[in-house]
Amino acid sequence: MRWWRPALLALGLGLLTLLIVENDPEAILAEMGRISWRLAIVVCFPHSLVVLFDTLGWRFAFARDVVPFRTLTVTRLAGEAFNAITPTATIGGEAVKAWLLRGHAAFDEAVASVIVAKTSITIAQALFLLVGVALASWTALSATPLLEAMGWLFVVEAVALASFVFVQTRGVFGRGAAALGRLGVPPALLAEASLERVDAALAHFYRGERRRFALSIACHFVAWLLGAVETYLILRFLGVEVSWVTATVIEAIGAAVRLATFVIPASVGAVEGGFVATFGALGLGSSTALAFGLARRVREVAWIAAGLVAFATLRPVSKSSSVA
């Protein structure tokens, strides 16, 4: 099965290439030229604030503040880079985060925090999608199949999230390890005690740390809103006059498409196709959509590079040298 993610990446790159070829490459290049030096602004702002609030969201996913904020920030950058470039469907980066926190936090705390943070960021994304769907009813998307599809995606996401939180409080990890052990898988038997502690940590967090869970969701929600700020800025740099409502709708739909196509590395091609459909329905033009999407990709590549540098410089520390 190791070939399927590279195959999907190739498919996504093919789709992106087709979109560019079919939508006047010269016009797209001209649109990109309008951004010019301001592309440096796009790379740095507001995504640096997005990283800040997402890291805060992860910090609140711990039952207590045990890891220095700087360590969480650098670790998150490294993990998100691995999520974007490795064939692990956004799971491998989470394992990297937990591994890098060894020595700063107990294994069960680190793994549980990663799971809780993944849950809270997805809940925040669902709430942001709901806001986008509501705002879209005031735009040209109000009577389009795209809006209806986004509404159904929200329903599916809400049901999936409720189910995911429920199973997290029911000892799913320890039970899964025990089941594998009965099938004769020694590694699962060796890890069972740790996985049971993860189950206990998750159950404790959801039942006893509701305030921190709410704060985690709130921080991630602010991060999603900041994505709409980035959308607004890029469109203004492209010379497109849009309202904050339109920028928020575009960002919400883009985030939804990325969620639905998470198996494709970085959702290459799929997100750009979603932008073309959304911009077309809003009367903004396909060349503008692709220039917008490519500007976002430049920012994404820059932060992936920063994450890989962070991984190269950050290593787990021994418990004796960790910061209390």
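Predicted model: local features only at pLDDT ≥ 70, side-chain atom pairs only at ≥ 80, totals over all residues.
At what angle do the axes of helix α4 and helix α5 cross?

1. Residues are numbered from 1 along each chain as its sequence is written, and side-chain values use heavy atoms, with hydrogens and water left out.

2. Back to the opening question: the axes of α4 (residues 47-59) and α5 (residues 69-85) cross at roughly 110° and come within 9 Å. That makes α4 roughly perpendicular to α5. Helices here are DSSP runs (H or I, at least four residues), numbered from the N terminus. Axes are lines fitted to C-alpha atoms over the stretch in contact, with angles running from 0 to 180 degrees between N-to-C directions. On that scale, 65 to 115 degrees counts as roughly perpendicular, under 35 as roughly parallel, over 145 as roughly antiparallel, and the rest as oblique.

3. On the α4 side you'll find Val51, Leu52, Asp54, Thr55, Leu56, Trp58 and Arg59, meeting Phe69, Leu72, Thr73, Thr75, Arg76 and Leu77 of α5. The residues of this contact split into 7 nonpolar, 3 polar and 3 charged. For the sorting, Ala, Val, Leu, Ile, Met, Phe, Trp, Tyr, Cys and Pro are nonpolar, Asp, Glu, Lys and Arg are charged, and the others, Gly among them, are polar. Contact itself means heavy atoms within 4.5 Å.

4. Have a look at Asp54, which sits in α4. Is Asp54 buried or exposed? Asp54 is buried, with a relative accessible area of 9%. The cut-offs are under 20% relative accessible area for buried, over 50% for exposed, and partly exposed in between (1.4 Å probe, protein chains only). The Asp54 side chain makes a polar contact with the side chain of His220, at 2.8 Å. A polar contact is a pair of N or O atoms within 3.5 Å; within protein, one must be able to donate a hydrogen and the other to accept it, and residues adjacent in sequence count only if both atoms are side-chain atoms. Leaving aside neighbours within four places in sequence, Asp54 also touches Arg76, Ile121 and Ala223, among others.

5. Among the α7 residues involved are Ile121, Ala124 and Phe128, and the α11 residues include Phe213, His220 and Trp224. This contact divides into 14 nonpolar, 5 polar and no charged residues.

6. Which residue lies 153 places away in sequence, yet 8.9 Å away in space, C-alpha to C-alpha? That's Arg59. Beyond neighbours within four places in sequence, Arg212 contacts Arg59, Phe60, Phe62, Ala63, Arg64, Asp65 and Phe205. A polar atom of the Arg212 side chain lies 2.5 Å from the backbone oxygen of Phe62.

7. Helix α6 (residues 92-100) is mostly covered, with 7 of its 9 residues buried. Those are Gly92, Gly93, Glu94, Val96, Lys97, Ala98 and Leu100.

8. A few backbone details are worth checking in the loops. The peptide bond from Phe45 to Pro46 is cis, with omega near 10°, and Pro46 sits in the loop between α3 (39-44) and α4. Asp24, in the loop between α1 (4-22) and α2 (25-35), has a positive phi near 60° without being glycine, and is partly exposed at 42%. Ser36, in the loop between α2 and α3, also has a positive phi, near 55°, and is partly exposed at 45%.

Key: Helix = DSSP H or I, 4+ residues; strand = E, 2+ residues; numbered from the N terminus.
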